[in-house]
Amino acid sequence: MSAVAQTESALPMRRRSVTRRKAVDLLIKVLSWIGAWFGIAVMAFIVWEVVVRGAAALNWDFFTKSTPQDFTASAGAGMANAIVGTLVITGFAAAIGIPIGFLAGVYLAEFGRNGRLATSVRMIANVVMGVPSIIVGVFAFAIMVRPVGHYSGIAGAVALAFIMLPVMARTTEDILNLVPNELRESALAMGVPRWKVTLGVICKAARGGLITGATLAIVRVAGETAPLLFTALSSPYWLTGLFGPGGFFGGPTANLTKTIYDFAGSPYPYLQELAWGGALVIIIAVLGMNVLVRLVFQRGKKW
Amino acid sequence: MGTVDLDIRPGAEGPRGVAEATPRGRRGRFGDPIFRVLATACGLTVALGMFGLAAVLVYNSWPAITGLGTHVITTVAWSPTTGEYGALAALTGTFLSTLVAMVIAVPLALVIALLLVELVHPAVARVVGTAIEMLAAIPSIIFGMVGIFVIVPFMQDTFVPWVLSTPLGELPGIKPGETFQQGGVSIFTAGIVLAFMILPFITAVSRDVMAMVPQVTKEAGYGMGSTTWEVMHKISLRYANSGIVGAVFIGLGRALGETMAVAFLIGSVYDKLPTSLFDPGTSIASLIANTFSEATDEIQLSALIELGLILFLITVLFQIAAQFWLRRVQRSTGGRA
Amino acid sequence: MVGTKVEEPTQMTSEATVVPPRLEVAEDRRGGDEDFDSLPSQISVRGLDFFYGKEQALFSNDIEIKQNRVTAVIGPSGCGKSTHIRTYNRIFNLYRDQRAKGEIMMDGENILSSQTDLLDLRRRVGMIFQKPSPFPMTVFDNVAYGLRQHYKLSRSELSDRVEHALKRSAIWDEVKNKLSEPGNALSGGQQQRLCIARAIAAEPEVLLMDEPCSAIDPVATAKIEELVLDLKSRYTIVLVTHNMQQAARVSDYTAFFFQGYIVEFGPTTQIFSNPAQKQTEEYITGRFG
C-alpha cells in the first residue's frame, strides 16, 4: 500500500485560543485547591467547635452523675447514665449484629460467591445500607415496642443491630476475598474440615481487617440517634437491671445520642452545655476509634 | 458412601472450582454442613430483613393508605387535631433540601477528587483524603448541633440579610415568603449542612474511580496537548462516570433520608409550602422524628409510618439505581467498586 | 568494522534475539546514499541528560532527527530508548521527580526551556504508545479529539479531516460503518491504527512511536509498518523498537542506545551491515540484549 489519496485540504485551520484554555485550566485548579481547603476547614471547624464547647462540660460529675431530672438545674449533674446506656445498647446490638453479619459475610465470600442467591443477597445488603436509619427505627418500633406497649433498650439494640448487619456482612466479605486462594487450598488439601479452615486459617489471616471492620461498624451505630428515637427513647435514670420498668428489656433506656438531641433542642443553657459535653465524648470515641484502627491495622476499610 | 464431601462452586477461578474432597472422620461429619447452613441462614437474614421491613411498614401504614388515599402526598394541610394529613410540605422540603445539597456537594466533590488524583503529591493526597473520610465518620447529630448553634446564627445575622440586600434577594425562590422567620432555620441551611455530610462519600468514590483510569490513556490525552482540566473532563470523567453516577445516587439516597441534622435545621412548618430557599420547612424524616412520639391517634401514627414507607421506597429506588451504575464500573474494570 | 555475515537460514524464534543474515532494505530508503548534513533537522538534541529522582538515566545524548525520515531507536531493555523520546514532547513533565537537562532544538528553540508552551509542543509532536489507548469515546470522537481541541472547524470540515486521517491510517474501510462505536470495541491492531489516525488528524510535524507494535499481532504489525513508510512523506517519525528486523525494514536512520548512552547513530544500512562500534555489532548479532 503506497499511495493514499492525497486529497486533503491544504487550507490552514483556525486555531482555538490557547490562553483561554489555559485560563480555564488554571481556574479549575484554583477551585480545586479552594474546595479541598474548604472541606478540610469544615471538618476542622466542626471538631474545633465541639472540643471548645464540650470541654467546659467535662468534669468529674459529668462522668459520674446522671442526667438532671430538674431541668432548671444549673450544675451538679452529668451524663453518666446516658453513657452507660449507650454502651449497653451498643453492646447488645453488637452481640446480635456482629456474629450474624460476620457469618453472612462468610456465606457471601466462601459459599455463595457468584451464585444467584448470593448475588441477590449482596445487592439487597447494599440497598439496605442505604435505608435511612429512622426507618429502621420505625421498623423496630413496630415489631418490638408497639406489641408490648412500652419502649425498651433492647428495641433500640435490635434497631442498631439491623443497621449493623449488612455493613458487617459486606465488610467481612471484602476482607475475606482478599485472602489468597492458595491459603484455602493448602489447608483444605491437608484434610482439615471446611469450617475449621474458614474460622481458623482464613480468619486468622484476615484478622486485622475483620477487627477493623467490626470496630468501625460498632462505632458507626454508636453515634446513631434516629433509630433510638422511638425504641429506647431516653431516660433520666440509671438502668436498674434487665427486666422491670427501669430495666433494659422493660423500659426506656438512657442513651447519649437521644439525650444530646433532647438537651440541645431545649432552651436551658446548662442542658445545652451537657449536650456539648456529650457531643465531645462521641466525637472522641468515633474519630478516635477510626484513627486507632487505621493506625493499628494499616489496612482500614472504607464503608 | 458418604465419606467425601464434593464441593463444586460455580464461578470459581482456577483450581477452586474443582471438587474438594474433605475426608471425614467422626468429628468432621456434622461440622461442615452445619456451618454451611448457618452461614447461609445468616446471609438470608440480611435479605429477609429488608423484605420484613417493607412488609411491616406496609402493614402498619395500611390504615392510612386506605383511609387517607392520595391526600397524604397531594395536600399540604398537616394538622393532626383536625385529622388532616397532607404531607406535601414534607415532600417538598425533602426534595428542595436534597437539591441544594447535591448542587453544592457534587461539583465540590469532583474538584476535590481532581486535586487528589492529579494535582498533589500522593502523600498529601493520602492525608487530605483521610481528613475528608473522617468527616464521613462524624455522626449526624454532631452536624446538627454545630449547625444549630453556629451555622443558624450566622445565617440569620449575616448571610441571609446580606443576600437579601443584593439583587439576588428579589429572585423568585429566594425572596422570602410568608413563612419566612429569620433566615436561620431554613431549607438552605439544612441543604448546606447536608452537602457536607454527603461530600466525603462522593469525593472518595470519585477519587477511587478516577484513579482507575489507566495511566497510558491519560498520557495519551496529555500527549495530544490537553490541559489537566481537559484530560479530566474529556477522558477521566468519561472513564469514571458510571462510578460517579453511582456514588451520586447513593449520596442522594443519604441526603433524602438524613434525619438528625435536618431535624434541627430545617424548621417545623408542616402545613405550608415554602416559597423561598430561606423559608423554614420540613422534611419527611424530620416530620417523623419530631411528631412520632406524640402521635396518640392511630391514624396519625399510621400516616407517619406511611410517610416512612414512602421514604423507604424512594431510597430503595435510588439505591437500586446506584447499584446498577456501580456494576457497570465493575464490568468494565473486572473488579469490585 | 567487523562485518561478518552469518550465512545461515533465518530462524524466526523470538523477536529480538536472532538477526537474519541479510537485511531486507526497502526500496524507497535512501539512508545510505544521501548527504546527512545537508538534510534539514527536525529535532536537534545536544547534551541531553535525564534523571529519575537522583538516578541518571540518559547521559549526554546527541542526535539529529531528520525531517521526513524515519529514525529508529534500538537497544536492549532499560537502555533509555523510551525515556529519550519522551523528552521530545515533554510528557515526562507529568511526573514530579523526572527531569531533563540539555538542549532539544526544534524550529530554533530549545523545547526544554520553561518558556515552551507545552500545549503547542504536543500539538506539533504526536505520540503513539506501546499499549493502544483509545479514549473512552466513539471512533469518530477519538480521531476528532485533537482537531476539536486545537482548532475551530465546521462540522463538515471536521468530518472530512477525520475521514482523511482514517484513510491515511489505512483503517477507513474497516471503521467507516463503526464511527459511532466506542473506540475500544475495535481489535488491538485496529485500536493502534485508530491511535495513529488520532495523532495525525491534528497535523503534527513529528510522530513519536514507542514500540507501537509490541502489543499487537503480526498481521496488524505488518500493516502498521507499511503505514509508517507511507506516513514519512508527511511527518518526521521516531520509532522506538526492540525488534531489529522492524528497524531494518522501516527506518532510514538508526540510533543504538545502551545504558543511557547513544552508542552509535547513522544510516540504517550502515548500522546493520557495518556497525562502527563493537557494542552495536554485538547487539545486532544477538550476543546480548
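In which sense do strand 1 and strand 2 of chain C pair, and over how many bridges? The legends below take up this and other views of a predicted model.

**View 1. Strand 1 and strand 2 of chain C form a hairpin.** Strand 1 covers residues 41-52 and strand 2 covers residues 55-66. They pair in the antiparallel sense, over eight bridges. C:Ser41 stands opposite C:Lys66 of strand 2. Two residues sit between the strands. In this hairpin, C:Gly53 takes a positive phi near 65°.

**View 2. Strand 1 of chain C also pairs with strand 4 of chain C.** Strand 4 spans residues 98-106. The sense is antiparallel, and there are eight bridges. Here C:Tyr52 stands opposite C:Gln98 of strand 4.

**View 3. Chain B meets chain A.** Each chain gives 76 residues to the contact. On chain B, the helices that each supply at least two residues include helix 3 (88-119), helix 5 (140-165), helix 8 (228-257) and helix 11 (298-333). Helix 1 (28-68) is also among them. The largest share of the chain B side, 19 residues, comes from helix 1. By class, this side has 49 nonpolar, 20 polar and seven charged residues.

**View 4. Chain B is assigned two domains, domain 1 and domain 2.** Domain 1 runs over 14-68, and domain 2 over 76-333. Their C-alpha centres lie 34 Å apart. The contact takes ten residues from domain 1 and ten residues from domain 2. On the domain 1 side, seven of the residues are nonpolar, three are polar and none are charged.

Definitions and conventions
Residues are numbered from 1 along each chain as its sequence is written. Chains are lettered from A and ligands numbered from 1 in the order in which they are written. This is a predicted model: local features need pLDDT of at least 70, side-chain atom pairs count only at pLDDT 80 or more; totals for chains, interfaces and linings use all residues. Two residues are in contact if their C-beta atoms, placed from the backbone, lie within 7 Å. Helices (H or I, at least four residues) and strands (E, at least two) are DSSP runs, numbered from the N terminus. Ala, Val, Leu, Ile, Met, Phe, Trp, Tyr, Cys and Pro count as nonpolar, Asp, Glu, Lys and Arg as charged, and the others, Gly among them, as polar. Two strands pair if DSSP finds at least two bridges between them. Domain bounds come from an automatic or database domain assignment.
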